[in-house]
Amino acid sequence: MLQVNVLRTKTDWVKERLAIRNFKQPELVDAIIALDDERKKLQAAFDLSQSKINSASKDIGKLMAQGDKAGAEALKAEVAVNKTEVASLTASMTEVEKRLQETLVQLPNLPNEQVPAGKTPEDNEVVREGGVKPTLYAGAKPHWDLIKELKLVDFETGAKITGSGFPLYTGKGARLQRSLIQYFLDYNTAAGYYEYIPPFMVNEASAYATGQLPDKEGQMYHATEDNFYLIPTAEVPVTNIYRDTIVKESDLPIRMTAYSPCFRREAGSFGKEVRGLNRVHQFEKIEIIQIVHPDNSYQALDDMILHVEKLLQSLELPYRILRLCGGDMGFTSAITYDFEVYSAAQERWLEVSSVSNFESFQTNRLKCRFKDADGKMQLTHSLNGSSLALPRIFASLIENNQTEAGINIPAALQPYFGAAIIN
RNA sequence: GGUGAGGUGGAUGAGUGGCUGAAAUCAGUAGUUUGCUAAACUGCCGUACGGGUUAAACUGUACCGCGGGUUCGAAUCCCGCCCUCACCGCCA
C-alpha cells in the first residue's frame with residue numbers, strides 16, 4: 001500500500017511511475033487525495049465536537065460535586081446536541097475511511113527507475129546468463145516421462161488422493177526432494193538467514209497484511225469453517241512475524257528463511273505449460289526474506305540476487321536472470337528479478353525464483369517500522385525471494401543430468417542425497 | 001469441546017466510574033559525578049490522525065485484546081467475539 005503523503009507531494013511523478021506498469025486508472029491518485037482531504041475535514045470537525053463533550057463532562061463532574069444540579073442538567077443538554085453531531089460525523093468518517101482504504105489498495109507499487117517499460121514477458125530484460133546448457137543423448141526425455149520410468153513422482157495416485165496437481169513423491173524422488181530442502185536451508189542459514197518453520201495456514205489479517213487479500217483471494221485455498229487460508233508462499237506467515245511491530249534500528253537487517261509447502265489454486269491453468277511439475281497446486285519452496293533499513297534495501301536486493309545465483313551455480317544448472325518489465329511485475333513489487341533455469345529436454349526456461357524489493361509497500365500495510373536517529377518513525381523496507389522453489393529445480397535437474405546410465409546428482413547435493421546417481 | 005483464571009505502555013505490574021494516556025519498578029536513552037570496571041543521581045522515554053512551526057515548542061482527538069452497549073463522563077459496569085494460561089475430555 002502506498003502512502004497518501006507520497007501521492008500528495010509527488011502526484012505527477014507517481015502517475016508517471018504507474019504508467020510504466022500500464023496502470024490504467026491514474027485518476028485514482030486524485031480520488032485518493034480528495035478522499036483524504038475529506039477525511040481530514042471530518043476529523044477536524046469530530047475532534048472539535050468531541051472536545052466540547054469532554055470539557056463539558058468534566059464541568060458536570062465538578063458541578064455535581066458542588067451540588068449544582070441545575071447547572072449540571074443544563075450542561076447535559078448541551079452535550080446531547082454535540083453527541084448527535086459526533087454520531088453523524090463518525091458515520092461519515094467511517095464511510096470515507098472505508099472508501100479511502102478501498103481505493104488505496106487498488107494502487108500497485110511504484111516501479112523503481114530501473115524497471116523497463118513493457119507489457120508482456122517479451123519485454124523483460126535478460127540481465128545475464130550463466131552455466132552451460134547440456135547436450136543430451138538421443139533418447140533423452142522430458143521429466144514427466146523420467147519420473148514415471150524411475151518412479152520418482154506419482155501424479156495419478158496424487159490425483160486419486162486429492163486431485164490433479166497434488167504430486168505424490170515416491171522413493172528416490174521423495175529423497176531427492178528432501179535433500180534439496182535440506183541443502184537449501186543449510187545454504188541460506190550459512191549466509192545468515194534465521195530459520196523458521198511457520199504455520200501453513202494464516203488468518204485474514206495476515207493474508208491482508210502481505211497483500212494476498214483483497215487482490216488474490218481466488219488464488220488461495222480457503223478453510224471457510226475457521227476462516228484460514230492455506231499459504232501460497234512462506235512469505236505470508238514469515239513476513240507477518242513483523243506485523244504491527246516497531247523494531248530497533250540496530251536490529252536491521254532482519255534476515256529470515258523458511259521452508260514451506262505452498263498451495264495455489266491456479267484457477268484456469270491447463271495445457272502443456274503446466275505439464276508434469278511445471279505448475280502444480282502444492283509445491284515446496286524455501287523462501288528468503290529481509291526486513292531492512294530503507295537506505296539499504298537495494299544493497300540487500302543485490303545480495304539476495306547473488307545469493308540465489310550462487311546457489312544455482314552450485315547445482316550446475318544453466319540459468320538466466322531477468323529484470324521484469326513494468327507490465328509483468330507483481331502488484332506489490334518495486335522491482336523484480338526472475339531466475340530461470342533451462343530445462344534441456346523441454347527446451348524451455350522455467351522460473352525457479354523471483355527476488356523482489358517491495359520497498360515500503362508491504363511494510364506500510366504490515367506496519368513494520370523503526371525509530372530513526374532523529375526519533376522519527378520510518379517504515380522499513382521488505383524484500384523476498386525464493387531460494388529456491390523445488391518442482392522446477394527437480395524437473396530441470398533430472399532432465400539436464402539424464403544419461404543412458406541414469407540421472408547424475410550434482411556434487412553439492414550428493415552428501416544430502418547419499419548417492420551420485422539415480423537409476 | 002467443557003470448566004476456571006486472565007489479557008493494561010519494550011518488560012513486570014498498579015489501577016472497580018470523573019483528579020488516569022495511565023502509578024511504581026526494570027529495561028532504554030541523554031547528562032552529572034566517580035581514577036577504570038561498576039555504581040549513584042538527574043532529565044527524557046507509547047502509537048495514530050489532525051492543528052501549529054523553517055524545524056521545534058505547543059496543542060486537539062482517539063487508543064488499556066477486538067467489536068458493540070450503558071452513562072453527561074468508561075481501562076474501570078454490561079453483552080458478543082478473539083487470544084493466553086490451568087485443569088478435564090479427545091488425540092498425532
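Author: Two residues are in contact if their C-beta atoms, placed from the backbone, lie within 7 Å. By that criterion, and not counting residues up to four places away in sequence, Thr233 touches Cys262, Lys285 and Glu287. The model is a predicted one.

Reader: Why is Thr233 called buried?

Author: A residue is buried if 20 or more other C-beta atoms lie within 10 Å of its own. Thr233 has 24 C-beta neighbours inside 10 Å, and therefore counts as buried. Thr233 is placed in the loop between strand E7 (228–230) and helix H9 (235–239).

Reader: What makes Asn384 buried or exposed?

Author: The same cut-off of 20 applies. Asn384 counts as buried because 26 C-beta neighbours lie inside 10 Å. Asn384 belongs to strand E16 (residues 381–389). Leaving aside neighbours within four places in sequence, the contacts of Asn384 are Glu235, Glu287, Ile288, Ile289 and Ser356.

Reader: Which residues does the UniProt annotation "binding site" cover?

Author: According to the unreviewed UniProt entry, the "binding site" annotation covers Thr233, Arg264, Glu287 and Asn384. Among these, Glu287 is in contact with Thr233 and also with Asn384. Such annotations may be inferred rather than shown by experiment.

Reader: How do you know which residues surround RNA strand B?

Author: A residue is near a strand if its C-beta atom lies within 6 Å of it. In this model 18 residues surround RNA strand B, and the closest are Ser51, Ser57, Ile60, Gly61 and Met377. Helix H3 (27–66) and helix H4 (69–104) are the elements that give two or more residues to this surface. The most come from H3, with 13 residues.

Reader: What makes the largest set of nonpolar residues a core, and how many residues has it?

Author: A nonpolar core is a set of buried nonpolar residues joined through C-beta atoms within 7 Å. The largest has 91 residues, and those with the most contacts inside it are Leu312, Val341, Leu388, Ile393 and Phe394. This core draws at least three residues from each of domain 1 (4–104) and domain 2 (121–422). As for Leu312, its contacts, not counting residues up to four places away in sequence, are Leu317, Tyr319, Phe339 and Val341.

Reader: What separates the centres of domain 1 and domain 2?

Author: Taken over C-alpha atoms, the centres of domain 1 and domain 2 are separated by 43 Å. Both domains come from the domain assignment of chain A.

How values were computed. Residues numbered from 1 in each chain as written. Chains lettered and ligands numbered in written order. Predicted model: local features only at pLDDT ≥ 70, side-chain atom pairs only at ≥ 80, totals over all residues. Helix = DSSP H or I, 4+ residues; strand = E, 2+ residues; numbered from the N terminus. Domains from an automatic or database assignment. Buried ≥ 20, exposed ≤ 12 C-beta atoms within 10 Å, placed from the backbone.
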